Structures are given as C-alpha cells and as structure tokens.
Amino acid sequence: MPNPWDLPDELPTDLPVSRCELPDGRVLSAVQEAEAHTLWEEISNAAPYRKAAEGLRPGEAVIDVGAHIGLASLLFGGLAPESRVLAFEPAPKAYTCLEDNLARHLPAATAFRQALGAAPGTSELTYRPYVASASTLYDDAEDDARNLEAHLDNIGADERTREVVRRTFNVSQRVTVEVTTLAAVMAEHDVDRVGLLKIDVERGELDVLDGIDSACWPRIRRVLLEVHDIDGRLGRVVSRLSGLGFHATVSQWGVYVGGSVHLVLAERD
C-alpha cells in the first residue's frame, strides 16, 4: 500500500545541515530549517526572553544551557552586546550548527559540546534529528506525547500534518555525551558574575539546578528556564528559586496550553 503521507517507510537519521534566513537577513546553519524558523519566532517574540536580557551589565555572563543551534544566544547577544555568552549543546549536529552560527554572528561567544547536570560524567542523549530541540537525556514518552498533542491541537493541525509530525518526532538515535556542572563551568572559565542563566533541557532542569553549589548562587542574578511540570516540578522549582532570594514569574506559550511546558523567569535585581 502506498504511503498516504508521502514519507518513506524508513526515515533517514543522518540529515544534512540546512540553511535558515532570519527576518533580519542573517543566514544560519540549522538542523531543520522549519524548526529553526518556528523557534526563532517563538523566542524572539516572547516577553520573558526579552525581559531576561534587559539591563544585563557589561562583563556579566549569559550562560545558555541547551543552546540548540544558538537562537537564544543570538537573541541575548543582540539585546546585550557587552555580555559574555557561553552556550552549551551536547547533540553533535546541533552543536556543529551552534558553533558555526556563533562564529559568524556572535564571534565573542563560546560554544561547548557538553550537557549540564547534577554531576560530571557521561550520559546517553536521545537525539531527534527531525526535532533536534526536543533531544533529551531524560526520556518520558508520556510527557512527549502530551506536549506534542497539545501543540498540534493549539495550532489546529490537520490529520496529515499530525501524522507527519508524529512520525518524524519518533525518529531517534542514542548518543553518548559529556556532562558537566554549572559550578564546574563557572570555576573553569573564570565566570564571576552571571547576569542570565537560561536553561532549556527537556526535563533535566532540576539536575542543572542541582549542579549549582552554594558559593555560585549569590553570583547569579537571573534565571530563565523551561520547566516540564511533571509531578509538581513547577512548584518545586519556583519554591527553590524563591528560597534563594529570587522573585519568580511563570508563563506559558499558547502552543503549549494543555501540555506540561512552562517558562519561569526568576529575578533578584
């Protein structure tokens, strides 16, 4: 029987790097052009992302954890050009794009092919070549399905689109990646002040926070993180940050209403 969605029975996993042109004319390397366009539209128009970069001070570091191809780094670097950007992405092909994009458009920034977690070591990444931004160290098929279906419902996807998205999302491969901690990063790279810590790591947000020791927290001024609210995790994250002296504001993109994904912007300045 012919495939009704014009997709091959076996989808390739080794995809070539593509190109994406942003509205301002900048050309980027991308894992998937359509994904890059969608993500740029989301983050560049998201009030929490712009607010997070307001008033960043010269010399303060912006640490982008789960940087993907560098879209958030480019946004923050453009809004706060005197900041020092360190971007972390463990997925090999996404890292290749990140390194190229920063070299061309934000040359003072530094890319690292590492994940951040609670302790140094190695871990197994589930890499999704068609949706690289959903690659994760923390598999949860139920949460993935919940968020995927919420997204499809909220954009009013037809059945053909739903089937294509489901099939491509489920293509994955396992990759061994290096893991470090934020405390180790700050020590190794002489980071004295963090104006903004951005975390988007697909359910690994608590582990990233666990990798920050008590000596580091007073040197971190803002945290912007994506939280998957599973088993009360959103409340735990907000409570932890509040206990550290941050004022946390929670929001949710419209496309994730009905799903677990929320944005937390925590400030103390």
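Two residues are in contact when heavy atoms of one lie within 4.5 Å of heavy atoms of the other. The exercises below use this idea on a predicted model.

**Exercise 1. Describe the setting of Tyr 95: where does it lie, is it buried or exposed, and which residues does it touch?**

Solution. Begin with the element, which is helix 4; this helix, residues 92-105, packs on the sheet and touches strand 4 and strand 5. The direction of helix 4 makes about 175 degrees with that of strand 5. Next take the accessibility: residues under 20% relative accessible area count as buried, and Tyr 95, with 13%, is therefore buried. Then list the contacts, leaving aside residues up to four places away in sequence: Tyr 95 touches Glu 89, Ala 111, Phe 112 and Arg 113. Finally, for a distance across the model, the C-alpha atoms of Tyr 95 and His 262 are separated by 25 Å, although the two residues are 167 places apart along the chain.

**Exercise 2. Work out how the open sheet is arranged: in what order do its strands stand, and which are the edge strands?**

Solution. First read the order of the seven strands, which is 5-4-3-9-10-12-11, with mixed pairing. The edge strands are strand 5 (110-112) and strand 11 (247-251), each of which pairs on one side only. From one strand to the next, the twist averages 15 degrees. Both senses of pairing can then be found by looking at particular neighbours. Strand 3 and strand 4 (residues 84-88) are joined in the parallel sense over five bridges, and Val 65 stands opposite Phe 88 of strand 4. Strand 11 and strand 12 (residues 261-267), by contrast, pair in the antiparallel sense, over five bridges, and here Ala 248 has Ala 266 in strand 12 as its bridge partner.

**Exercise 3. Explain why strand 3 is described as largely enclosed by the rest of the structure.**

Solution. Consider each face of the strand in turn: Ala 61, Ile 63 and Val 65 are buried on one side, and Val 62 and Asp 64 are buried on the other, which leaves both faces covered. Now count along the strand, residues 61-65: five of the five residues are buried, and strand 3 is therefore largely enclosed.

**Exercise 4. Determine how helix 5 and helix 6 run relative to each other, and which residues meet between them.**

Solution. Start from the geometry: the axes of helix 5 (residues 141-154) and helix 6 (residues 159-169) come within 11 Å and cross at roughly 150 degrees. Because angles over 145 degrees count as roughly antiparallel, helix 5 is roughly antiparallel to helix 6. The crossing is right-handed. Then name the residues: Asp 144, Leu 148, Glu 149, Leu 152 and Asp 153 in helix 5 meet Arg 162, Val 165, Arg 166 and Phe 169 in helix 6.

How values were computed
Residues are numbered from 1 along each chain as its sequence is written. This is a predicted model: local features need pLDDT of at least 70, side-chain atom pairs count only at pLDDT 80 or more; totals for chains, interfaces and linings use all residues. Side-chain values use heavy atoms; hydrogens and water are left out. Axes are lines fitted to C-alpha atoms, for helices over the stretch in contact, and angles run from 0 to 180 degrees between N-to-C directions. Helices (H or I, at least four residues) and strands (E, at least two) are DSSP runs, numbered from the N terminus. Angles under 35 degrees count as roughly parallel, over 145 as roughly antiparallel, 65 to 115 as roughly perpendicular and the rest as oblique. A crossing is left-handed if the near helix is turned anticlockwise from the far one by less than a right angle, and right-handed if clockwise. Buried means under 20% relative accessible area, exposed over 50%, partly exposed in between (1.4 Å probe, protein chains only). Two strands pair if DSSP finds at least two bridges between them.
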